[in-house]
Amino acid sequence: MSVLSGKNVLLGVTAGIAAYKTSFLVRNFIKAGANVQVVMTPASKDFVTPLTLSTLSKNPVYSTFYDSEEENEQWNSHVDLGLWADLMIIAPATANTLSKMAKGTCDNLLLATYLSAKSTVYFAPAMDLDMYKHPTTQQNIKKLQGFGNVFIPPSSGELASGLEGEGRMAEPEEIISFIEDHILSNLPLQGKRVILTAGPTYEAIDPVRFIGNHSSGKMGFVLAKQAASLGAEVVLITGPTCLSIDNLAIKRIDVISAQDMYEAVHQNFNIADIAIFAAAVADYKPKTIADQKIKKKEAVLQIELEPTKDILASAGKVKDKQFLVGFALETENEIDNAKSKLKQKNLDLIVLNSLQDIGAGFKSDTNKITIIDRDENITSYDLKPKEEVAVDIFDEILKKIDA
Ligand code: CTP
């Protein structure tokens, strides 16, 4: 899966002959799973039609601040477009547009959108070789890079003028791989390993029965996806769940009992940079497992239980460089209980769920958390979808590991 999947890509097209290649660029972004909107300079419409780009992008194409031919004139907001974008790419970027971008000139919708964009802006110049070599163009490119924009170098070859040299816009496939590589190499967890536990554990009573709990595993799974989208290599150790995960950066290890989870964790813990324990591990297991199915009798049945190993506490004991995050599910004295778990288990952060909060905890698609760190700083969050909760948890982890 491309790192561009699900990303909002804003393509700015300016008036160079290479504009004809933007139809392939839009196609390739769409193939990579991105959502694409296109803004064109008025003159670029002589090189490629808005109809082509709007058909391929499945979105309206904008080139003016408002469309004067429309009966209900509508403002095309450069601010909204700029905010929508997860990344902006200006391709082809002519010498004229580069110069205006470098100066902050804002005389068309594309330039106003560029100035409004909060995301990374890539630019792929395209022009004749002498224009490209000209010191002003070279200076403008340097200036734009100095502003944090990312330069996608042109290639050398035959140019539209018939001359040979540098100035040909990078091919659409090259632009896509350049952006993918750039995003990947700038992800905050690139090169880091994250291990996660998720789901319930089942403790066998006999060949057909077990002690378990209602954990769906969802919180652990969305945390795994979030870690992967931040660039980490993930090991997800999960108890029985009906959830599936399809991401090459996530290695899934299925376990059943607390003992299985303990072993899988310790086989992977020493290589981890971050370890998050979101599993609802059974605290007790039957002392003996019956070989045969236990038959129904009139008398009361007693099953003797013994504690399982506390996997998180055992990780806290051997922890070295690992940033260790635990969860606490509480029904009373929530903050105090969570603080003491943080200390006893030697954690860096604890994520508290209170079962007193409606919409929090097992099975639900939402969660309401409070995060407590080693210095006992407490941050409480609103009730949110679990995907957003995972973002909050990783934001907090990133703040701490960067500090
Ligand atoms: N945990 C674990 N192994 C266990 C029990 C818990 O790894 N045998 C982890 C959980 O994954 C969670 C944290 O410890 O990250 C706290 O779990 P919780 O059930 O809230 O607390 P317990 O320590 O089990 O204490 P209690 O059930 O008494 O509240």
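**Exercise 1.** Classify Tyr-202 by its relative accessibility.

Solution. Tyr-202 has 24% relative accessibility and therefore counts as partly exposed (buried is under 20% relative accessible area, exposed over 50%, partly exposed in between, with a 1.4 Å probe and protein chains only). Phe-210, with a relative accessible area of 41%, is partly exposed.

This is a predicted model, in which local features need pLDDT of at least 70 and side-chain atom pairs pLDDT 80 or more, while totals for chains, interfaces and linings use all residues. Residues are numbered from 1 along each chain as its sequence is written, and side-chain values use heavy atoms, without hydrogens and water.

**Exercise 2.** Find how many aromatic pairs there are and classify them.

Solution. Rings of Phe, Tyr and Trp (its six-membered ring) pair if their centres lie within 6.5 Å; planes under 30 degrees apart are stacked, over 60 edge-to-face, and the rest tilted. The count is two.
- Phe-123 and Phe-151 have ring centres 5.6 Å apart and planes at 35°, so this pair is tilted.
- Tyr-202 and Phe-210 have ring centres 3.8 Å apart and planes at 10°, so this pair is stacked.

For burial, Phe-123 is at 0% relative accessibility and counts as buried; Phe-151, at 16%, is buried too.

**Exercise 3.** Identify the side chains with an N or O atom at 3.0 Å or 2.8 Å from a ligand oxygen.

Solution. The side chain of Asp-283 places an N or O atom 3.0 Å from a ligand oxygen. For the side chain of Lys-341, the distance is 2.8 Å. A polar backbone atom of Phe-327 also lies 2.8 Å from an oxygen of the ligand.

Key
Polar contact = N/O pair within 3.5 Å; in protein donor to acceptor, adjacent residues only side chain to side chain.
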